[in-house]
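Please look over the structure shown below before reading on. The report that follows goes through some of its parts in turn.

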Amino acid sequence: MEVKTSLLDNMIGVGDMVLLEPLNEDSFIVNLRNRFDHNEIYTYIGSVVISMNPYRSLPIYTPQKVEEYRNRNFYELSPHIYALADEAYRSLRDQDKDQCILITGESGAGKTEASKLVMSYVAAVCGKGQEVNKVKEQLLQSNPVLEAFGNAKTMRNDNSSRFGKYMDIEFDFKGDPLGGVISNYLLEKSRVCKQPRGERNFHIFYQLLSGASDDTLMKLKLDRDFSKYNYLSLDSANVNGLDDAASFRTVRNAMQIVGFMEAEVQSVLELVAAVLKLGNIEFKPESRVNGFDESRVKDKNDLKEMCELLGIEQSVLERAFSYRTVEAKMEKMSTTLNVAQAYYARDALAKNLYSRLFSWLVTRINESIKAQAKTRHKVMGVLDIYGFEIFEEGDNSFEQFIINYCNEKLQQIFIELTLREEQEEYIREDIEWTNIEYFNNAIICDLIENNQNGILAMLDEECLRPGTVTDDTFLDKLNTICAEHQHFESRLNKNSKFLTDHSLPHSCFRIQHYAGKVLYRVEGFVDKNNDLLYRDLSQAMYKATHSLMRQLFPEGNPAKVNLKRPPTAGFQFKASVGVLMKNLQTKNPNYIRCIKPNDKKVAHIFTDSLVCHQVRYLGLVENVRVRRAGYAFRQPYESCLERYKMLCKKTWPHWRGPARDGVEVLLTDCSVPTEEFAYGRSKIFIRNPRTLFTLEERRRACLEDLATLIQKIYRGWKSRTHFLLLKKSQVVVAAWYRRYAQQNKYQKIKSATLVMQSFVRGWKARNILRQLKYEKRCKEAVTTIAAYWHGTQARMELRRLKTEARNKRAVSVIWAYWQGTKARRELRHLKVAAREKHAVSVIWAGWQGTKARRELRRLKEEARRKHAVAIIWAYWLGLQVRREYRKFFRANAGKKIYDFTIQRIMQKYFLGLKTTTMSPMDNTWPAKPYGFLEGAHTQLRRIFHLWRCKKYRGQFTEEKKAVYEEKLEASEIFKDKKALYPSSVSQPFKGDYLEIQKNPKYQKLNSAMEEKVLLADLVNKINRANGKGSPRLFLLTKSNFVLADQKTGQVKASVPLPDLASVSVSTQSDGFFALKLKEGSASASKGDFLLSSEHLIEIITKLHRIGTTAADRDQINIDISDEFLVQFKQDKVCVKFIQGGPKNGNSAACKRKNNRLLEVSVPSP
Ligand SMILES: Nc1ncnc2c1ncn2[C@@H]1O[C@H](COP(=O)(O)OP(=O)(O)O)[C@@H](O)[C@H]1O
Ligand SMILES: [Mg+2]
């Protein structure tokens, strides 16, 4: 929602003077002061902005501020120059009204700053785009160029504009800038030759001398020292807070952006330099025969340099400073110039040159910034014209007169337009108009510009009049013609009123301007108005080869001699002011009235008297009165209703109907007396500020109540929303929990059921089995019982028969026997029968058993099937539940994400492994990134290591392999056994240290060797007599070692390797070793060798290697101990190694202790 604010919010004093109560000059000043003290430098009078110069930078021009004021109504926010710029820009863009912004005020009041603020605001809010931005940039960058050439430090302002400037900015229908046109008014050119005390010449001179490179200065024939130039005032050459050198760079850059060619810039600087040079030309008198003095150039150096710079023939210029040609009606006369006239001519030339250069710059800038498109433009004009100027002690001259005239005209247009606007608004709104009293300065304008008897007209008349014309004759003329005018005062007036006024000198006249009385010294009026430049000089300038110079002096062209006088300065100015006024009248005016709070150019000081003076002559209080005549305050109905609708129940919170009716209802409800307001067409007019303030007061009170109400409703709403949210969450949580509990319960019941089911099934199966078993047993029992019974029967029969037989013995024995036989036979039959019967019952029982087992199997099968069904059912249920579950949790997406994540992790992991090097020595391996990769990670590391070892081995040549094998062997022999070993690891085994093949010194020795030399080195042979060493050459081949003299190369000893029994070395870092020979061998007679070598490790390793590779001999033993025996001829000598102090130096030393002991002291490590 857009926040509606108003000018009336948080006001300091009143933001709009129209609301001032009571309205008088004192309260006006008090309000300005109050606001100024609170950093509120802008105050409105209706739509006019009053701007107080803060003399310090305030944080109110930020891009945020621009945004704040953009597209807001004028009275919506606190007063600001941006509000005025926005209003002007919008009515230009949206209502198609051309605008002008009139900025007035004293010198130093902040007009130029204000005009820049307006331009920068418009640039910030209008359209964007490459083309548009370029136009904007060119328009903005025209400022530094014009300021450098047209501004100067004065007593009132360190950056005072010494020319008037009106700039039309042109826009297309969308409001995008198309270009602009600048008009300049009356540059104060007298400043070029002479500056008042404490003031400076135009900035560009100082900027050029301080900022140009040495090279540029040399080309321009200039010197960096200001004091070398007559035209530069010295007392204030350096101004605090102005960095001339930096400004020079800014100006050059701006010229480039605006579109100046490099050559043009150079030409401009050459003319600036020429002006400085011109100032240094001095003259001396030379007596002539006719008794008159004629002027001559004193020191021709500057003249020469200037002529070189501009390409002028020196003699031509020199002559122009000494003679003057007067032409009249086909006649030419040459007169000489005296020294004073020569100086006058020189200064006139300098002034003309500079002011024409300035006009050329403006034209050139206009060429660059002019709008390209031919469509109709909308125009916004910004007028920054020199403010009213009054110097103390009557030091006001022609320039001040002209400036003040211009300000009178502006005041005139201000009065006209404000009144007209006010009146038009009343008519538009259908409100009755009441006449207002105010001072109209038209009478003063008339005094100056009237064509018959205006001051300017009389000055022109005087200048053109034949005969002697002086400033005094001009004053006389004024005294006669303007005597009656109520705003003209002069001592020699016919009007006796001023005869005794000593504040009015005889050579002065005084005008009562609307802004106060100003005393003008008449001296120089005629000259300045004539603005005479001798034709000889302009012709000399035209002869220059410098093309810009020729352009500036077109009247010097002999082909276009014009005998007519050029228009006077006053005439030209009046005409251009006339054009300007006409131009302004067609546009919608916006006023910025600048006020200077103090004369010291400092912040925080507010001088009441000074401000009061400005307020008075700007007619500001009158301006408020006009604005308030009848009604002090007006506001469109909509905004009024929006602001005060809470004061009445009927309009709050919404009024449905026309805003005007709403306001009517509202005001009636608030019982505001009817005479206090009037209803216009679109606005409500309030007569008295008091009424407005009462409404404001009531609004404030009402807003507090409303705030409480809003707060109450908001709190209720917030609590209810919170409660509903809690309730909703609770229902969701409960539903989830219930589902979870039911799921658990169901799972428990299901598993219990399964257990019970299996128990019951088991129990049933066992019952059936038991029954079947019982039946089987019954059948078996029956068979057995039957068999027993048959047996018993047979026996009983037998017994009876036996008894019968015994009883019937008498019958016949044969019978008996026969009977016996019969019985036995019978018995046999019975037995067979019985046996058959038994077999039948056994088969029966077996068949019954088979049937029972079959039954049991079937039952078991069934039980298993049912169990399987139950399991399948359980799985199917599980599947159902998971499917249900999946609906909620998008199991599929989860899987994809999972797969993708794993893929990415693996990818990243494998890429991460790339960092490992190929060196087998490299032990590093990235830390495992994830726990689940642990197995693969260690495996990969092992595989990778094996692979790179393989790669590494693959590069080895045979020789290299042999070298490494040797190194390996050395390690097997010495590692951790001899302290010398570690230092040898890094040394390559070179073998032939003596380079015996190549070195001619050893040629003989080499040829004596029968086999390839595996090692050749310099060793020390230790003398047993004193323990000293003497150098020997030590050579080793596959079958023997040789010791030779170092100098002659003569072989001293050659020992076949099979004769070598063992080698002894110490455990320490020394190089001593003993070669012990086999007892009884041919070489043993000379005794063992005690040697020392730097390459001990290599020698021993090579010896050992030969031992291992040769098949025909034993391995050579290597003893490592700190004490061993050496056989020297007959004696055995003990060699003992001790750790000596470092005093022995770095190498071990051997010393004979006694006949049987050699002591080697090895430096401790
Ligand atoms: N709005 C402002 N904020 C800060 N400083 C300002 C402002 N307006 C003017 N000034 C100061 O006052 C000096 C004079 O202002 P300027 O616009 O050159 O005066 P004028 O053109 O009226 O002679 C500036 O150089 C600047 O230091
Ligand atoms: Mg200015």
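In helix 22, the buried residues are Leu620, Val621, Asn623, Val624, Val626, Arg627 and Arg628, where buried means under 20% relative accessible area, exposed over 50% and partly exposed in between, with a 1.4 Å probe and protein chains only. This helix, spanning residues 620–628, is mostly covered, since 7 of its 9 residues are buried; helices (H or I, at least four residues) and strands (E, at least two) are DSSP runs numbered from the N terminus.

The model is predicted, so that local features need pLDDT of at least 70 and side-chain atom pairs count only at pLDDT 80 or more, while totals for chains, interfaces and linings use all residues. Residues are numbered from 1 along each chain as its sequence is written, chains are lettered from A and ligands numbered from 1 in the order in which they are written, and side-chain values use heavy atoms, with hydrogens and water left out.

A nonpolar core is a set of buried Ala, Val, Leu, Ile, Met, Phe, Trp, Tyr and Cys residues joined through side-chain atoms within 4.5 Å. The largest such core has 216 residues, and those touching the most other members are Phe28, Leu32, Phe149, Phe205, Leu317, Ile455 and Phe509. Helix 12 (residues 339–369) gives this core its largest share, 15 residues. Leaving aside neighbours within four places in sequence, the residues in contact with Ile455 include Phe401, Leu447, Phe474 and Phe509, contact meaning heavy atoms within 4.5 Å. A second, separate core of 30 residues has among its members Ala970, Ala1053, Leu1077 and Ile1100.

Around ligand 1 there are 15 residues, of which Asn53, Gly108, Lys111, Thr112 and Asn157 come nearest; a residue is near a molecule if one of its heavy atoms lies within 4 Å of it. The table gives polar contacts of the ligand, where a pair of N or O atoms lies within 3.5 Å.

| Residue | Protein atom | Distance to an oxygen atom of ligand 1 |
|---|---|---|
| Ala109 | polar backbone atom | 3.3 Å |
| Lys111 | N or O atom in the side chain | 2.8 Å |
| Thr112 | polar side-chain atom | 2.6 Å |

On its own, ligand 1 has 550 Å² of accessible area, and the protein covers 84% of that, the areas coming from the Shrake-Rupley method with a 1.4 Å probe.

Turning to the backbone, a cis peptide bond joins Glu21 and Pro22, with omega about -5°, and Pro22 is found in the segment before helix 1 (25–37).

Note on methods:
Polar contact = N/O pair within 3.5 Å; in protein donor to acceptor, adjacent residues only side chain to side chain.
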